[in-house]
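Subject: Structure handover

Hello,

Here is the structure you asked about. My notes follow below it.

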Amino acid sequence: MSVRLNQGRGQQWAMTVVVAALIVLLSILPMLRLIQEIFAPGGTLSTAAISAGLTNATTWVATGNTLVVGFFGTALAVVLGTSVALLVTLTDVRGRSAFVLCYVMPLMIAPQVTALAWLQLFGPASPLLKLLGIAPPLGSRNPLYSPEGIILLLGVQYGPLVFLLVRAGLRKLPRELVEAARASGAGWFTVLRTIVLPLMTPSIVAAAALAFVSCVGNFGIPAFLGIPANYLVLPTLIYQRLAGGGPAVLGDAAFLSVLIGLIAMAGILAQEMMSRRRDYRISSTSLPAEPYELGKWRVPVQVMMWCLIVLILFLPLLGLVLSSLVPGYGIPLNAATATLDNYRFVLFEYGAARRAFLNSFALSLSAAAFAVLVAIPIAYLVAWSGKKWVKYLNLAVELPYALPGVVLAIASLLMFLKPIPFTGVQLYNTIWIILYAYLARFLVLALRPTIAGYHQIDRALEEAARVAGASLFTRMRTIIFPLVAPAALAGGLLIFMTALSELTVSALLWSSGSETIGVLMFSFEQGGDSNYASAISAITVAITFVLMLLANLLAAHLPSGVLPWRD
Amino acid sequence: MAGLTINGVTKTFGDFDAVKDVSIEVKDGEFLAVLGPSGCGKTTLLRLVAGFENVTSGDIRIGNEIVSTAQGCVPPEKRRVGIVFQNYALWPHMTVAENIGYSLKVAKVDAETRKRRVDDAMALVDLKGFGDRRPANLSGGQRQRVALARCLVAAPSLVLFDEPLANLDVHLRASMEDEFAAFHKRTGTTIVYITHDQAEAMALADRIAVMDNGRLAQLAAPRELYREPANEMVASFISEGMVIPAQVLSPAESGHLKVSVLGQEVVVRCRDGEKPRHEAKVCCRAPDISAAAPGEPGIDGTIRRAVHKGGVARIEFAPDADPTVTLHFEQPDPSPFEAGAKARVRIASGWLIPGGASA
Ligand SMILES: Nc1ncnc2c1ncn2[C@@H]1O[C@H](COP(=O)(O)OP(=O)(O)OP(=O)(O)O)[C@@H](O)[C@H]1O
Ligand SMILES: [Mg+2]
């Protein structure tokens, strides 16, 4: 028998092993560590942690609050997102891509920035209300410091998420189904009620489940709006416990984060089930339905839609920018008082701020670069290896992002509280633990578009390189990387944008010297320095805008749907 | 150059046999076409030879080396085969010259030699001066030629084609066919050429392997395939052959024997050693059938359809003796036949399909 049989498998093996090891390290180990802490704190089986958590009254109050804001926030997001998706997809409204860009924008902005912007808009110190002369008296309570406020902002933040999923579903709706109903004499509302909505139910339910997971896991909005009102949800309760008690209460925090993990899991499973229930008879490739002509209603509908944009995007951003120009709390804004001092302070004068900017840039850049590099081989296995177990690998990468950020943060704390065995390297209380959590959490943001990129490439391109004699690594470098790079880079940009003003994970993992932009914003706001917080937020929003423009340059080379704001 | 031996190869996906017990020996320098209906396993066979899939059982040898067995296989990058893909598979991010020179670069051939060999390859396929273009800026025929040049620059021992002309229009096909034939003549490379176009296979190949449902139905030279199909499938697949029930009346004598077909006695060609039997099948081709002159022995029946095709008419005829059979033949204009009319035709000759497969 020839000795060359099975030669050249080495590289494939090496790649598979490295990928598997990375995924174990980034996804599976932290989850296992968290579960261990619940059932066997300190290494011996015990139910003490569970019973302690279950008997604590604050646990139940926070759980109740989480479910309340989760359900109502989801309901609002579904109503907003679905109506907008129906209007944009099924009718002949004009200016669609500009509208989609604006409507999806809140998704690109960090939740705590949204929260801050709205607070600046409605508070007694609101420069805008003051300009209009309708500000409530100083010292009165901001109406957003309430469960209703949290629900409103969750709805605004995650409406776009529902919109994107429902719109994707609507686009697959074959025109024949709508046309057949219209030919049978059904008016537009009847078609909507009896054909479109029933067929879209799986899409809408799946979107609702995803929005629910996002709502219950959100930290920024309830942190900015709920903590001042002493209205705690599970993520903010975990934060408060940990901020007050340090590592000693990690056991408590672990219990709470598993609790919220379970609530989120219910949502994730519901979403999985619904995506599987999608009616495949309607995912044909026929053309989308002719847009419904609104006629004389078109102008009013358009005006209403843009009013929505003004309300949920422009006004809050305006509030943010205005309050970043105010010299101090409560001072009215006019030509004489407007100042750039807040910007100067956070950019050049305050040492911790400069450090935070550097840290966040370094963290986001490393996380993005790492994810791009790793996503290409992982996606290769997921998209092309055709092995069954790869599906689970993909699922494992999804998990740290699908679960609320606090879950991963607590898991990371547990993993690295003690020095890493055998090496003595200490990650706890350094910036590296944040980097670890970012890598684990955001990897999937680069992986998804990269997998989509692979699906667009004809596999024969790789096979042609194979018969030309190129080994796996050579093919990766010369053929595959150049072809999937745009998709992977777009994923990297998404990671950079998300990580730059990230708060949930870093709020629990930061230490002096490893502050992030998100943490800095949060501490300014908690210390009453809303003007500084606004200045930082305005800067991050501007950076996000620039990055979105940059990403648009790649758009021509990307699978559709990679850039959510592109219609 | 090297021959190719496929020995009892089976490939199973799940519990479905895409290729079943196929044995083919391709001689050094031979041009073999693999022909068969869609889904019969042609592409799978080619991917087995290239090494993209591994055999479930059996083995494959290129030259003197075993490259695939159920225990393991030499990966494609080590086989020195060339492939021309149906959709060309040109790398869009490389120029034409980079595409062609890729395998040399991978093999670390020095830049100067590389350039010379790429130039030679481009000259060979008539693409001089296109080196700096991107594949996106080429016509279909030009892309096909780049694909050809890319595969021949490495001087592979074996070249595989998977329906290389399926995406081209009729005129281009004809000229590319000539080009492939010239290429084979010039280089003497062993070629395995997959197609579902019979005319293409007949025109190009030394021998043709007809596949059916994963099995090798017949492996023979084009003329033999046409004149002496080994079984009913090949008989009906090649050139729309008609398979007609018959009775053998006499034993074979110097390659011929007497049969009774639809009530007419005909002398047909056959294999040696055939003996009288019932339920035999005869394969006839359109030229074997013509209108019977008055008084001649023949078959009575009804004209089912008459389709005029410029200069000739294609007549479909249902014999009274067995209306489930349809005979078709061509009648030069002006054709006396109309659909629905009674008529009488005669079979001049045919081929007795060997027993076993049909009995
Ligand atoms: N990876 C695979 N997994 C499962 N079944 C496969 C796979 N590849 C091919 N098949 C099946 O094997 C059979 C043969 O496929 P193959 O592609 O070889 O056909 P083909 O003769 O090339 O057809 P065509 O002329 O349409 O290209 C088909 O039924 C196909 O569905
Ligand atoms: Mg095929």
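Is Thr544(A) buried or exposed? Thr544(A) counts as buried, because its relative accessibility is 6%. Buried means under 20% relative accessible area, exposed means over 50%, and partly exposed is in between, with a 1.4 Å probe and protein chains only. Thr544(A) sits in helix H23 of chain A, residues 530–554. Its side chain reaches the backbone oxygen of Thr540(A) at 2.8 Å. That is a polar contact in the sense used here: a pair of N or O atoms within 3.5 Å. Within protein, one atom must be able to donate a hydrogen and the other to accept it, and residues adjacent in sequence count only if both atoms are side-chain atoms.

Some ground rules before the rest. This is a predicted model, where local features need pLDDT of at least 70, side-chain atom pairs count only at pLDDT 80 or more, and totals for chains, interfaces and linings use all residues. Residues are numbered from 1 along each chain as its sequence is written, chains are lettered from A and ligands numbered from 1 in the order in which they are written, and side-chain values use heavy atoms, with hydrogens and water left out. Helices (H or I, at least four residues) and strands (E, at least two) are DSSP runs, numbered from the N terminus.

Ligand 1

The shell around ligand 1 comes from chain B: Phe13(B), Phe16(B), Ala18(B), Ser38(B), Gly39(B), Cys40(B), Gly41(B), Lys42(B), Thr43(B), Thr44(B) and Glu163(B). A residue is near the ligand if one of its heavy atoms lies within 4 Å of it. By type, the shell has four nonpolar, five polar and two charged residues. Here Ala, Val, Leu, Ile, Met, Phe, Trp, Tyr, Cys and Pro count as nonpolar, Asp, Glu, Lys and Arg as charged, and the others, Gly among them, as polar.

Strand S2 (16–26) and helix H1 (42–50) of chain B each supply at least two shell residues. H1(B) gives the most, with three.

- Ser38(B): a side-chain N or O atom is 2.6 Å from an oxygen atom of ligand 1.
- Lys42(B): a side-chain N or O atom is 2.7 Å from an oxygen atom of ligand 1.
- Gly41(B): a backbone N or O atom is 3.0 Å from an oxygen atom of ligand 1.

Taken alone, ligand 1 exposes 640 Å², and the protein buries 59% of that. Accessible areas come from the Shrake-Rupley method with a 1.4 Å probe; for residues, only the protein chains shown count as cover.

Salt bridges

How many salt bridges does the structure hold over all chains? There are 26. A salt bridge is a side-chain nitrogen of Lys or Arg within 4 Å of a carboxyl oxygen of Asp or Glu. Side chains of opposite charge can pair when their charged atoms come close.

Glu232(B) and Lys281(B) form one of them, at 3.3 Å, N to O. The pair links distant parts of the chain: Glu232(B) is in helix H8 (232–237) of chain B, Lys281(B) is in strand S15 (280–284) of chain B, and they are 49 residues apart. Glu232(B) is partly exposed at 27%. Lys281(B) is also partly exposed, at 22%.

Arg314(B) and Glu240(B) form another, at 3.3 Å, N to O. Arg314(B) lies in strand S18 (312–319) of chain B and Glu240(B) in the loop between H8 and strand S12 (242–248) of chain B, so the pair ties together parts that are 74 residues apart in sequence. Arg314(B) is buried at 16%, while Glu240(B) is partly exposed at 45%. Arg314(B) also bridges to Glu316(B), with the closest N and O atoms 3.5 Å apart. Both Arg314(B) and Glu316(B) are buried.

One network of salt bridges links Arg459(A), Glu462(A), Arg466(A), Arg475(A) and Glu77(B).

Other spots

Val484(A) is in helix H20 (472–500) of chain A. Val484(A) is buried, with a relative accessible area of 1%. Its C-alpha atom is 9.9 Å from that of Ala379(A), 105 residues away along the chain.

Gly350(B) lies in the loop between strands S20 (342–347) and S21 (351–352) of chain B. Gly350(B) is buried, at 0%.

Best wishes
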